[in-house]
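Please look through the sequence and the model below before reading on.

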Amino acid sequence: AWRTAHYDDRILSFGGPTVIIIVIHDYRYTPVPQLYCTFVYSNDIEICMKEPANFNKIGKFKEKPMSLNLVNYVLCKLPMDEIPEYVFLRREQDCCSKSTSSYIPVYYSQPKKKVHFAVCLEQAMHDESDHEKIAAWIEMNIALGAELITLYYQHSPQNVVNTVQKYVDEGLVEALYWNINITSDAIHANGE
């Protein structure tokens, strides 16, 4: 069976933190199973749930000559707000029972932060070698409230790359390599 698990913290959709597991199940051969979730956290703590998971049909695979209800999701309510690293399913309520599934990694993609004020360097850092000048420009824009600063490298020396990398690591700067063979003057005169 194919499995993937995702963390969802929407209260209106699922009533709070939930792990959603997408599973493939063929109803022609076996009835809907009673499943129980066990969560595995980063500190190797396992939390076994005694309440059954919610099993729901969501789609079909269409294969000639028949259509099969195979795609399902299993909702596992979390016992706490922390996001588990893995989840596995059991058929028995007993926490010591054998696992029905392998460890399924739990994915969580946070919505991207909306940026209200972003700054882009006017032209590529073509042959700019004064790393202090670049750092001062970045710091000035941060002080003015910039939430994202985009810089383009073009033939930038290593000392400038190292200085900018500190800001990239903090999530304040996005640095992109721009490897085109035109001069900085041509870029400024003919569009950025």
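A residue is called buried when its relative accessible area is under 20%, exposed when that value is over 50%, and partly exposed in between. The model shown here is a predicted one, and by this scale 32% of the 192 residues of the protein count as buried. The protein exposes about 12400 Å² in total, of which carbon and sulfur atoms supply 52%.

As for its secondary structure, the protein has four helices and twelve strands. Among the contacts with a separation of 6 or more, 60% are between residues 24 or more positions apart.

The phi angle of D44 lies near 65 degrees, which is a positive value in a residue other than glycine. Is D44 buried or exposed? With a relative accessible area of 67%, above the 50% cut-off, D44 is exposed.

The next stop is a part of the surface made by nonpolar side chains. F117, M140 and L144 together make a nonpolar surface patch of about 300 Å². Of these residues, M140 belongs to helix α2, which covers residues 131–143. M140 has a relative accessibility of 44% and therefore counts as partly exposed, whereas D44, at 67%, is exposed.

Strand β11 (residues 148–154) and strand β12 (residues 173–177) pair in the parallel sense, and five bridges join them. Within this pairing, L151 stands opposite A175 of β12. Together with helix α3, the strands β11 and β12 make a right-handed β-α-β unit.

Helix α3 spans residues 158–169, and V168 has its place there. Which residues does V168 touch, once those up to four places away in sequence are set aside? The residues in question are V173 and A175, and A175 is also the residue that L151 stands opposite in β12. V168 and T150 are 18 residues apart in sequence, and their C-alpha atoms are 9.7 Å apart in space. Because its relative accessible area is 26%, V168 is classed as partly exposed.

Definitions and conventions: Residues are numbered from 1 along each chain as its sequence is written. This is a predicted model: local features need pLDDT of at least 70, side-chain atom pairs count only at pLDDT 80 or more; totals for chains, interfaces and linings use all residues. Side-chain values use heavy atoms; hydrogens and water are left out. Helices (H or I, at least four residues) and strands (E, at least two) are DSSP runs, numbered from the N terminus. Buried means under 20% relative accessible area, exposed over 50%, partly exposed in between (1.4 Å probe, protein chains only). Contact means heavy atoms within 4.5 Å. Accessible areas come from the Shrake-Rupley method with a 1.4 Å probe; for residues, only the protein chains shown count as cover. Patches are made of residues with over 30% relative accessible area and no salt bridge: like charges are joined within 9 Å, nonpolar side chains (Val, Leu, Ile, Met, Phe, Trp, Tyr) within 5 Å. A salt bridge is a side-chain nitrogen of Lys or Arg within 4 Å of a carboxyl oxygen of Asp or Glu. Two strands pair if DSSP finds at least two bridges between them. A crossover is right-handed if, with the strands pointing away from the viewer, the path from the first strand over the helix to the second runs clockwise.
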